[in-house]
Structures are given as C-alpha cells and as structure tokens.
Amino acid sequence: MAGGYTGKTLRVDLTTGKITAEDTLAKYKDYIGGAGLGYKVLWDEVPAGTKAWDPANRLIFGVGPLSGTGAPCGGRVSVISLWPASQFELPAVGHMGGHWGPELKFAGWDSIIIQGKANAPSWISIQDNKVEIRDAKKLWGQGIFQATAAICADIGNDCHVAAIGQAGENLVRLSNVMNDRSHSAGGVGSVMGSKNLKAIGVKGTGALKISMDKNAWRDLVNGYLPLMGCNNQGVVPSTPQAWAEFSGSTRWTAQKGAFWGRATPPFDVGICPADDLNKMGLRTHKGIQDHGFEMGVKYTTRIGGCFGCPIRCHTAMDNPNLEQFGVSRFQTNTCNGISHGPGWYDPAPTGEKLMLLKQIGSALADDYGWWSDYGQSGRDFVYMKKKGLFEKYLPAKEYAAIPWKLWEAQSPEFSQWLYKTITYKEGELGQAFADGPEWMEKRYPEMKEAHIKEYELQSWKFGMAKHHSTEASGQVGALINLMRNAHAQNHTHSNFQGSGLPIALKKEIGAELFGTPDAVDNNNDVKPMNAGKARFAVLSMIYQDLHDSLTLCNWTQPIWASPVKERKYRGDPEAEAKFFSAVTGINKTRGDLELDGLRILTLFRALTMRFMNEADMRNKHDLIPEWAFTYPKDKEPFTSGHAKMDRADMEKAKDMFYEQLGYDAKTGAPTRALLEKLNMKSVADELESTKLLTV
Ligand code: SF4
C-alpha cells in the first residue's frame with residue numbers, strides 16, 4: 001500500500017442505503033485523489049444531461065494523499081459535483097480547509113462518493129469503519145452551528161462535522177457546505193440538500209503511513225518551512241522592517257503594534273522576521289488584512305488555521321456589539337465577513353458600522369450556509385437598486401414591503417431581513433438572489449449586460465465571479481479565468497505575482513520557471529503576449545489541479561518564490577513532487593507530476609464538453625467579458641496604468657495557451673493524440689462517439 005492513502009474510498013448510496021468500500025488506487029491512481037478522483041467519478045458515472053439536483057449526480061468529498069500527513073498546508077478537501085450555481089450546471093469544485101479531511105483519513109477513508117437521494121432527512125456518521133446513515137429529522141431546519149453542536153453531542157466533541165444550513169436544504173443555488181462551523185466549500189450546499197443529506201460527522205482514531213524514513217521526512221519538512229512566506233505566499237513584509245531587504249503589498253502584516261486586541265491579555269504579534277520560524281504562524285495578521293489596521297487590531301482574538309498549516313489565515317474575532325442582534329459575538333472565518341456587509345450598501349459603509357455589518361453578515365451566512373460568491377450578490381443588489389431594476393421586476397407589493405429605510409440607514413437589521421429572505425427564497429427578490437448572479441443573467445437581461453460590460457461588477461463569463469484575472473498578470477490571469485466553470489479559485493499565478501518582490505527579481509525567477517523574463521509583467525502594465533506567459537498560465541492551471549488533488553492549499557502554494565535572501569529569493573518548484581514521492585513511496589519527478597496535473601485538467605475539460613454538449617470550447621465556453629477590453633479614455637493597449645486587454649493579442653494568447661496544453665487551437669479542445677499520450681484513450685473514444693472530438 002502506498003503511503004498517504006488509506007486504500008479505501010467510501011461510497012454511500014442514499015437511495016438504497018447501501019454502504020460500500022472501493023479500492024482507491026485500483027480505480028483512481030492516475031488521478032491522484034481529491035479533485036482528480038472526483039472528476040474521474042463524474043466521468044465514469046454521471047451521464048450527459050444530468051442536472052445538479054438529480055439523484056444521479058454525484059457529490060464527492062475528495063481528499064488527497066498528502067492531507068493528514070503533516071505535509072505543510074495539507075488540510076484541504078475538494079468537493080466535486082455538477083455545480084448548481086452555474087447556469088449550465090457544469091462540473092466544478094468547492095474547497096474547504098479545517099480538520100475534516102484529515103479526520104476522514106484517520107477514520108480509514110480516502111474520499112467519499114455520495115449518490116442517490118435519501119427518502120427522509122439524513123446524516124452520515126463515520127466512526128472509523130462504522131459508517132451509518134442516520135435520521136436527521138431533528139437537525140433539518142437548523143442552522144449549521146446547531147447541527148454541528150448536535151452531532152458533536154451525539155458522537156463526541158472530538159468529531160469533525162461538515163454540514164449544510166437552511167440555505168442548502170431549501171435548494172438555494174448559492175449555498176455552501178461548512179465544516180467545523182467556519183471552513184466552507186462554496187456552491188455545493190444545495191447538492192447535499194437535494195440528496196436530503198444534512199451533514200457528515202467523522203471521527204477517526206487511526207493514523208496514516210508515510211513511506212519515507214522518519215528522519216528524512218523531518219529533514220524534508222524542515223527544509224521546506226523556511227521557504228514559506230505568509231498567506232498567499234507573500235515573501236516580504238507589508239511594511240518596511242529592519243530585517244527585510246524589501247517590503248511590498250503582501251499579507252505579511254505582522255509589525256510592531258499589530259495586536260490581537262481581544263486576546264486576554266491583548267497580544268502584540270510584533271515583528272516576525274523570516275528566519276524566526278517559531279513566529280511564522282504570526283506573520284499573517286488576517287484581521288488587519290480583512291478589516292484594516294484599526295479594526296483588525298481592535299477586534300481580533302487570534303488567528304487559527306487548517307490542519308498541518310504553519311501559516312494560519314483563519315481569523316477569530318470578538319465583537320460584543322453583535323449580541324444585541326441575537327448572534328454570537330465570536331465569529332471566525334478565513335475571509336472574515338469581507339464578502340458580507342460592505343457590498344450591499346451604497347455608499348459603502350465605513351468604520352465601526354462596516355465592521356458590524358461584516359460580522360453580522362458572517363454570522364448569518366455561516367449559519368444559514370449561504371454563499372455570496374465573492375461578494376457578487378451585494379454588487380448585483382446595489383446595481384439593481386441604482387438602475388431601478390427592483391421597481392421593474394418585483395411585484396409592486398413586494399417592492400413596497402422591503403425595509404428600504406433600514407437599508408438607507410445601513411442597519412444590521414436590514415442584513416437580518418435580507419439573509420433570511422434569500423435563505424428561504426421569499427418573493428422574487430429572495431428567489432433571484434438565492435439563484436445567484438449566473439442564473440440572474442437568465443432572469444434579468446440587464447444583469448447579463450452589466451456583468452459583461454461593467455467593470456465594477458467584476459463578473460467573468462456566464463455571470464461567474466472573476467478570480468484574480470487581468471489585474472493579476474494580464475493575459476495569464478485572463479487565460480486562467482477562461483477554463484473553469486465557476487470562479488477560477490486559482491492562486492498559483494496571483495501568489496507569485498503578489499509575492500512582494502521587486503519586478504526585476506520576479507522576472508529573473510520567471511525566466512527560470514517559464515523560459516523568459518517577459519512572462520512576468522508589473523500589474524497594471526501589461527505587455528504583449530508571448531510564449532512565456534502561456535507557460536505561466538499552463539503551469540498555474542496544472543498546479544491548481546495538482547493541489548486540489550493532492551490535497552494541498554493553493555492559497556499559499558506553490559512555493560515559487562521564498563523569503564530567503566541567500567537563495568536569491570528562489571523557492572522550490574520541485575516541492576510537490578518531493579512530498580508526493582516521500583509520502584506515497586511512488587517516485588515521481590516534477591515532470592511526471594505535471595503530466596498527472598495535465599491529465600486531471602484535461603479530464604475536467606472533457607467533462608465540460610460532455611455536460612455542455614459542445615466541441616467548440618474556444619468560442620462557446622472560453623469567453624472574455626467586454627469590460628476586460630475597455631481601455632480608459634486616455635490609455636492605449638500595452639501602456640501602463642491599466643490591466644485592459646487587446647482583442648487581437650488575446651486571440652494570440654488563446655492560440656499559444658491551447659498549443660502548450662496540447663489542445664486544438666481552433667476549438668480549445670484536447671486532441672486524440674494528447675488524450676492517448678495521457679493514457680485517456682477511452683475518453684477520446686467517448687468524445688468521438690458523441691461528435692465532440694474534432695481532431
Ligand atoms: S493558508 Fe489558510 S486556507 Fe491555507 S491551509 Fe493555511 S489556514 Fe488553511
């Protein structure tokens with residue numbers, strides 16, 4: 001048995017009640033685990049035409065071979081399914097951190113495949129080998145906090161619980177599954193709801209085997225830690241500090257006076273130099289990152305994180321002002337309420353008012369299990385209000401009943417009204433915002449126009465959120481946002497770009513990674529497309545899928561740059577291959593692993609083609625919004641001061657990107673030659689049989 005794997009994948013059929021174990025490596029070895037395993041399950045088992053809420057859809061909680069091993073930042077879980085928030089219900093992945101994934105491994109399971117639909121509300125109890133489908137009637141209708149507490153009371157406080165709230169139960173498309181109250185995978189909550197599945201509680205008493213000798217493993221980890229920076233792999237502090245050669249715009253917010261002000265007693269994280277590894281978990285004062293210095297210092301209790309993470313980006317806040325609104329003063333999350341609160345109001349609130357709105361938004365959304373899709377819903381709300389679209393589309397009685405006075409006053413009571421309205425899909429407004437921005441494009445044509453043309457709405461294609469797009473490495477960011485079926489969730493490129501190093505150094509490192517210094521531009525100073533940028537984009541996609549399959553945190557890795565001056569700030573691009581080989585005992589070079597990543601990415605592409613029933617990915621799927629091409633009045637293409645794209649150059653970028661992936665440049669689809677090289681002949685055969693393979 002390879003280390004890192006338990007060898008068993010759990011399958012639960014909620015229709016029949018059948019619970020079985022499958023051999024993970026026999027079926028899924030070529031796809032590593034996590035997201036790769038999930039894509040393979042969808043490919044093998046879910047036919048074209050299936051919709052997200054059909055019992056035939058699968059919901060896969062995919063955990064990879066590095067989770068739970070102690071490999072740094074190996075606490076992640078990929079949740080794979082047909083995506084209800086997508087207007088085409090295409091396959092996508094949500095990600096959650098916390099401790100749930102490692103606990104699943106300690107219970108003896110690599111991943112879980114859920115199929116069918118229970119005939120009554122249920123939850124799954126996993127206590128090592130003992131797996132049961134349990135009655136969840138008393139949990140149904142409860143928020144995530146209550147459901148989690150009830151399951152902990154049942155099977156023990158040392159369990160870890162992934163649950164949905166009322167939003168998932170009510171088939172709100174923008175809903176999430178949340179483990180341990182505040183680690184969420186956005187977008188998939190309603191798939192659990194459609195299967196009548198409230199929660200999965202896991203308790204494991206086992207351990208994982210690491211193939212490498214213990215001393216060598218310790219040396220590997222200890223050699224890697226100094227190369228890690230802060231959250232998002234910023235490798236220099238955000239403020240000038242005596243120990244640091246550089247400073248830059250990073251999340252290394254530790255500095256003198258950066259207190260956790262609500263700790264007892266208040267704790268000053270102070271200066272955290274790169275060579276003091278005992279303080280590396282203090283570098284990222286995420287309260288400051290999320291709320292600004294004054295509010296972050298005032299309300300932060302501590303910074304926590306996922307299993308095996310030395311970096312820590314999970315903020316715990318204590319805001320006593322919340323109690324008057326009937327929610328706990330203690331709130332935790334990775335992006336602590338930043339998607340909730342500020343976006344819903346015009347003008348945006350500031351200071352204490354903003355802090356309160358963010359925290360009440362976090363409290364309500366985390367309990368209802370509602371997901372704002374990176375704050376897009378707030379932006380849509382303000383846009384519709386400004387443009388008179390609520391008057392146009394809402395029944396007059398419903399419009400008149402909206403508590404607009406509370407909205408004008410920016411009152412937390414408006415947030416309470418709004419989140420409940422959306423969670424319970426009350427009225428036209430509740431239904432529209434429950435479905436989310438992608439489906440809103442079908443409902444309101446003006447919103448489609450707005451998403452495509454209005455920069456400030458920051459949507460990418462099909463109404464999905466942009467995620468580190470043109471503003472993060474120009475064409476590279478744009479290419480990354482092309483292929484996914486939900487927000488791109490890719491931090492590979494944006495972390496390197498946002499490392500905080502001077503541009504000359506990034507270009508030097510970029511030349512080693514991507515073949516030319518011209519692969520890397522200064523943000524807002526985009527130069528024409530070249531082969532190095534295509535390589536940068538391809539590797540960014542491959543490493544995202546590798547991290548989601550291994551499962552490692554792509555919010556901080558890969559480590560392409562480092563804080564170590566003696567290494568000329570170089571990181572270790574071989575790290576993933578080293579950790580995979582050490583843990584599993586299956587020796588892979590960096591090139592081998594990148595080929596695995598390309599296989600996983602290409603299966604994802606094949607799935608998109610199947611469920612869209614479309615061969616021409618280039619022109620029907622890989623779309624770029626108009627706003628990306630709209631230059632400011634006084635600027636031209638390729639001049640500094642903006643991150644806008646040039647149309648002809650972007651077509652060239654697509655050509656180069658597809659060519660480097662081994663895809664057909666005309667359609668952006670994989671070729672038979674590539675599929676066969678990747679040991680995916682059966683995928684090529686099926687695509688050909690459905691007339692989706694053209695070359
Ligand atoms: S960096 Fe943040 S999201 Fe990533 S593993 Fe660490 S705590 Fe979790």
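1. Just after helix α15, G436 adopts a positive phi of about 90°. Helices (H or I, at least four residues) and strands (E, at least two) are DSSP runs, numbered from the N terminus. This is a predicted model, in which local features need pLDDT of at least 70, side-chain atom pairs count only at pLDDT 80 or more, and totals for chains, interfaces and linings use all residues. Residues are numbered from 1 along each chain as its sequence is written.

2. Helix α15 itself covers residues 427-435, and its buried residues are L429, A432, F433, A434 and D435. A residue is buried if 20 or more other C-beta atoms, placed from the backbone, lie within 10 Å of its own. The cover over these buried residues includes α10 (376-386), α12 (396-401), α14 (412-423) and α16 (437-443); contact here requires C-beta atoms, placed from the backbone, to lie within 7 Å.

3. An open sheet is formed by three strands in the order β15-β16-β17, with antiparallel pairing. Two strands pair if DSSP finds at least two bridges between them. Because β15 (300-304) and β17 (330-333) stand at the edges with a single partner strand each, one side of each is left without a neighbour in the sheet. From one strand to the next, the twist averages 15°; axes are lines fitted to C-alpha atoms, for helices over the stretch in contact, and angles run from 0 to 180 degrees between N-to-C directions.

4. Strand β16 (residues 314-318) pairs with β17 in the antiparallel sense over four bridges. The bridge partner of M317 is Q331, in β17. Helix α8 (residues 286-299) packs on the sheet and touches β15 and β16, its direction making about 25° with that of β16. Helix α9 (residues 351-368) also packs on the sheet, touching β16 and β17, and its direction makes about 75° with that of β17.

5. The chain is divided into domain 1 (8-203), domain 2 (230-316), domain 3 (340-373 + 376-457) and domain 4 (465-689); these bounds come from an automatic or database domain assignment. The centres of domain 1 and domain 3, taken over C-alpha atoms, are separated by 29 Å. Their contact takes 23 residues from domain 1 and 19 residues from domain 3.

6. On the side of domain 1 that touches domain 3, the elements giving two or more residues are α4 (144-155), α5 (166-169) and β10 (176-179). The largest share, three residues, comes from α5.

How values were computed:
Two residues are in contact if their C-beta atoms, placed from the backbone, lie within 7 Å. A residue is buried if 20 or more other C-beta atoms lie within 10 Å of its own, exposed if 12 or fewer, and partly exposed in between; C-beta atoms are placed from the backbone.
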